[in-house]
Amino acid sequence: MESKCDSKDIALKSFFLGPMAENGDFVTAWLNEILASWIHWRRELNPEDGRAISEEDKNVTEFMEKRSIFHDAMLELNQRYESEISTHSPRYMGHMLSEISLPAIMGHWIALLHNPNNVASEVSRVGIQIEKEAIEDLVKMVGWSPKEAMGHFTSGGSVANFEALFRAREWFKKRHTEKEGVVLVPRNRHYSWFKACKLMGIEESSLWQIDLDHEGKLDPADLERKLAQLEIQGKRAMIVVSVMGTTELGSLDPVHEVNRVLKKYSNSNETPWHHVDAAYGGFFCSIQPKAEEVEFSELKKVMEGLSAVQSMTLDPHKLAYVPYSCGAFICREKPHYYATQTAAPYLENTTEVDRGVFTLEGSRSATGPSATWLSARVMGFHADGLGRVLKKTVSSQKEFESEIKLKVPDAYVLDVGMTNILGLVIAKKGEPLSVTNQRTKALYQAFSPQARGPFIVSKTILKKADYGKFIQTVSSEWSSVLDQEELYVLRLCLMNPFLMSKEMNGKFFHEFCVEIKKAAQLS
Ligand SMILES: Cc1ncc(COP(=O)(O)O)c(C=O)c1O
């Protein structure tokens, strides 16, 4: 638990509403300020046009009836949402979502009121400019040059991954007309890569999976083997994907090592397209680790590797605390971004900010870009802003691990290096994996949203076919008998900025240990 709060940490508290809506006073005032300004702006825009809705209209019975139906339905909707899963609470440790930040809410909301369409500057004068600037903020965060890079916002990480494959395939087709292109993804990949291949008609035989090492990370030696195999078969990699922050456990693939291997397989000075799916872990870049911070040395190396990759997926709606739907696809160099375009005769696409002919999606909201833009201005994607928040989530993972190991008998926390996701298994020495899995399933039931218990966690299933070496390593800790093809794991995404708050009455880690111990005895 945090022992004292320094003033820089206190400053972070201005970025969030707070678990008890502690910042509700100024948020209410500011929302009203923006709403009043929006109303004033409309009234001032073309006053000579006159009023379409008069005061008399508002007194007509039918108008009043409709308004009353509207109000009732709105309150009903609002009330229904009060039963929504309370993902803002530190007690929610389930999937990759948590509290959303105030700058992000305000940015989102301002754009929502104006509702531009970022498909083209013809329908988005400001929104599209904000998108360009927000992309530059992301590009700078990952260490690239805003002059050379290019990208756009997507509805999420899946679509950003589609954008990468879409371009890599076009890039490949133009350069290697005579060769078959193969998609290489690590076995810890997000399932959107399978969707992308199906969507683009890429056969299963052209989708090769790179094996994982004993930490569940992309194994560069296997990548090398696969690339050599491709050469023998007269094929070539169309794209190689590594993951920065895996979906299952939040671990970092060795991006720098992948670059090293790819360099060996470069052809006429061109390495295969390397895409980093950093939907989850990309915002760890804001930590800006220093050389002396050994606990972040893995992150530092991965970040250094980003300087040589072709493209990245980033999801502000995950670790940047931005509301849905907000993903981003960025290319380090413009030619890769412009690898393909589709003409749209009805759209004016004339300036550099016009992305419409380059994006897979058509109409696109300015809400995500504006939320990200305001977050970058207010919180900052650097060590004293978002980086400071994320650093705390990483230390909370370590602290939680120690507490669980101390207080929960037979608990095993999966070690995957630097992350803020905690993988947990409770297992008795020598028991078959089937028994351990049964227990994990029961524990998940007890801590699932349906159970409405004191905490919510998620679970994942690691398949031996994908995570074989990793499962072997971790299960050897409790000398498991591997009688099943998969390992069930409780998955806790420790993203909430207030999880370690010393001011709150709930000592969450301690209470979780008590609860899981109770549940494990029953299961
Ligand atoms: C590594 C990774 N890539 C891509 C995605 C897909 O993101 P989205 O759900 O925003 O489409 C996820 C989602 O969890 C992910 O973890």
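Which side chains meet in a salt bridge at 3.3 Å, N to O? Here are some notes on that and on a few other features; please keep in mind that this is a predicted model.

1. **The salt bridge.** The pair is K58 and E55, whose side chains meet at 3.3 Å, counted from N to O. Both belong to helix α3 (residues 55-59), and because they sit three residues apart there, about one helical turn separates them. For context, a search of the whole structure turns up 40 salt bridges.

2. The side chain of D277 places an N or O atom 2.7 Å from a nitrogen atom of the ligand. G157 takes part through its backbone, with an N or O atom 2.8 Å from a ligand oxygen. K318 has a polar side-chain atom 3.0 Å from an oxygen atom of the ligand. As for cover, the ligand on its own has 390 Å² of accessible area, and the protein covers 84% of this.

3. **The largest cavity.** Now to the empty space. Rolling a probe the size of a water molecule over the atoms shows where such space is left. In the whole structure, the search finds two cavities of 30 Å³ or more. The largest holds about 140 Å³ of space. Twelve residues line the largest cavity, with D9, K13, K392, P497 and F498 nearest its centre. Helices α1 (7-12) and α14 (386-407) are the elements that give two or more residues to this lining. By class, the lining of the largest cavity has six nonpolar residues, five charged and one polar.

4. **The second largest cavity.** Here the space comes to about 50 Å³. The lining of this second largest cavity has ten residues, and those nearest its centre are K392, T393, N496, P497 and M500. Five of the lining residues are nonpolar, three are polar and two are charged.

Key:
Residues numbered from 1 in each chain as written. Predicted model: local features only at pLDDT ≥ 70, side-chain atom pairs only at ≥ 80, totals over all residues. Heavy atoms only, no water. Polar contact = N/O pair within 3.5 Å; in protein donor to acceptor, adjacent residues only side chain to side chain. Areas by Shrake-Rupley, 256 points an atom, 1.4 Å probe, with all protein chains shown as cover. 1 Å grid on protein atoms, 1.4 Å probe; cavity = no way out; pocket = protein on both sides within 12 Å on 5 of 7 lines; lining within 4 Å. Points joined across faces, edges and corners; volume = space filled by probe spheres on them. Helix = DSSP H or I, 4+ residues; strand = E, 2+ residues; numbered from the N terminus. Nonpolar A, V, L, I, M, F, W, Y, C, P; charged D, E, K, R; others polar. Salt bridge = Lys/Arg side-chain N within 4 Å of Asp/Glu carboxyl O.
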